[in-house]
Amino acid sequence: MPFSERPSPQDAVPQSPADDRFGELVRSVAQQRDRAAFAALFRQFAPRILQYCQKLGADRGAAEELVQDVMLTVWLKADSYDPAQASVGTWIFTIARNRRIDRLRKEMRPAPDMDDPAMTPASQATPEEAAQLAQGSRQLHGAIETLAPNQSEVLRRSYFLEQTHEEIAEETDVPLGTVKTRLRLALGHLKRSMKDTA
Amino acid sequence: MTFPHHHPDDQLLIGYASGQERVGKSLLVATHLAYCPDCRRRVAAFEALCGSWFEELPGEAATDLDGLLDRMDGLLAAPPASADMAPPRVSDVAGQQAGRLVPEPLRSWLPEAIDSPVDCGSWTELSPGVWLSAWQRTLSGTTICLLRMAHDAPVPAHRHTADELLLVLRGAFSDEYGHYELGDVAQYVADTDHHARGASEEDCICLFLLDGDLIFLDGEEERRAG
């Protein structure tokens, strides 16, 4: 699950019309146990969960099991979805990511516990720190949006699809050195967004 | 309140957000997140980026899955399982000071409080004033344990063949790159020379992560290496 605190209004997740529609469907599932709404979410996201698992090496059978597992979680946990924290797509991605690590990689995913009293809440920030947090968040979103397409693509392949540099070079038909350069440039671009807040 | 000043690099944060990072380093990142609202937001932004990649995956195979949707019917009809058993809450522990506790997820991994006396069998002395915990785990090629440094005690010179990471859980330490306090992460790539030294009144206790072999150098080797 995304576990960021409820964002302040100025850095709330931007909502697109599609987000609104999917958010509405999740709400219907949560409040009315609406199967038609669930079916609509299933048709939208199940194929993507399937692709995600298969691209990460699962066979069709295991991928289908995971689709079922993730969509059942959507059905059961719909009331925990918070549109202020993430789009429906991001929410379902985080469920798929966690279930994949759990079931296919046979590992667990360590995550902070938002109810842990030992956790440092953002609300402890001084006004100056709070301003820095908001600014850092805006700068990072800006940096992500302004990534060059070929740099975003190497990030996607190496972190989201977990491809090695060699695999990326082969599949995108660019020299290995170029893959490494693009990755370095992408990370440098994101890092610059941290400069003023670090 | 002061938040951490030294953070895991973006490779670790994106890897954690995407699920690419394995359990050992994820444990360190997740525990840093408990201390660091800034990195929590950064990870949330990277999750949103992964979410957008997820949504862009082609969806044309939709019709193939109608059978699966039908088969889920029975599952949806089943009454929801009894509410998840809530894990024991630390807030229930009488007299515990939350500020002194190691946050989750690390706390559940540790066998006991981190400040157990150094002579109770939980610690192995490496050099005067520096100990490694007897508690040690190896997870997907990463070794994790605790490192403890008394005030001003230097960690013996060592070489590491792969990445080394430290997360401060108590006290503070310093090396030639900076001063590290509660929740701070120090990240060293392979073969970096660094000389950590306890820098707080109380013992500094860190989560210590190592990807490859750790080689402590004796005095003579150190002179050769240096």
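Residues are numbered from 1 along each chain as its sequence is written, and chains are lettered from A, with ligands numbered from 1, in the order in which they are written. Because the model is predicted, local features need pLDDT of at least 70 and side-chain atom pairs count only at pLDDT 80 or more, whereas totals for chains, interfaces and linings use all residues.

**View 1. The contact between chain A and chain B.** In this interface 53 residues of chain B are in contact with 65 residues of chain A, two residues being in contact if their C-beta atoms, placed from the backbone, lie within 7 Å. At least two residues of the side of chain B that touches chain A come from each of helix 1 (10-18), helix 2 (23-35), helix 3 (37-56), helix 4 (66-71) and helix 5 (73-77) of chain B; helices (H or I, at least four residues) and strands (E, at least two) are DSSP runs, numbered from the N terminus. Helix 3 of chain B gives the largest share of this side, 15 residues. By class, the side of chain B that touches chain A has 34 nonpolar, nine polar and 10 charged residues, where Ala, Val, Leu, Ile, Met, Phe, Trp, Tyr, Cys and Pro count as nonpolar, Asp, Glu, Lys and Arg as charged, and the others, Gly among them, as polar.

**View 2. The domains of the two chains.** The domain bounds come from an automatic or database domain assignment, which divides chain A into domain 1 (9-103) and domain 2 (125-191) and chain B into domain 1 (10-77) and domain 2 (112-225). Taken over C-alpha atoms, the centres of domain 1 and domain 2 of chain B are separated by 32 Å. The contact between these domains takes 10 residues from domain 1 of chain B and 11 residues from domain 2 of chain B, and the side of domain 1 of chain B that touches domain 2 of chain B divides into five nonpolar, three polar and two charged residues. In chain A, the centres of domain 1 and domain 2, again taken over C-alpha atoms, are 24 Å apart.

View 3. Six strands of chain B form an open, antiparallel sheet in the order 1-2-3-10-5-8, with strands counted as paired if DSSP finds at least two bridges between them. Strand 1 (123-127) and strand 8 (185-188) of chain B are the edge strands, each pairing on one side only. Seven bridges join strand 3 (residues 142-149) of chain B to strand 10 (residues 204-210) of chain B, which run antiparallel, and B:Arg148 has B:Ile205 in strand 10 of chain B as its bridge partner. Helix 2 of chain B lies across strand 2 (130-139), strand 3, strand 5 (164-170), strand 8 and strand 10 of chain B, running at about 145° to strand 10 of chain B; axes are lines fitted to C-alpha atoms, for helices over the stretch in contact, and angles run from 0 to 180 degrees between N-to-C directions.

**View 4. The three-stranded sheet of chain B.** This open sheet has the order 7-6-9 in chain B, with antiparallel pairing, and its edge strands are strand 7 (178-180) and strand 9 (197-198) of chain B. Strand 6 (residues 173-175) of chain B is joined to strand 7 of chain B by three bridges, and the bridge partner of B:Phe173 in strand 7 of chain B is B:Tyr180.

View 5. Among the buried residues of helix 6 of chain A are A:Val154, A:Leu155, A:Tyr159 and A:Phe160, a residue being buried if 20 or more other C-beta atoms lie within 10 Å of its own, exposed if 12 or fewer, and partly exposed in between, with C-beta atoms placed from the backbone. The buried residues of this helix pack against helix 7 (165-172) and helix 8 (176-192) of chain A together with helix 1 and helix 3 of chain B. A:Glu162, in the loop between helix 6 and helix 7 of chain A, has a positive phi of about 55° although it is not a glycine; A:Glu162 is partly exposed, because 16 other C-beta atoms lie within 10 Å.
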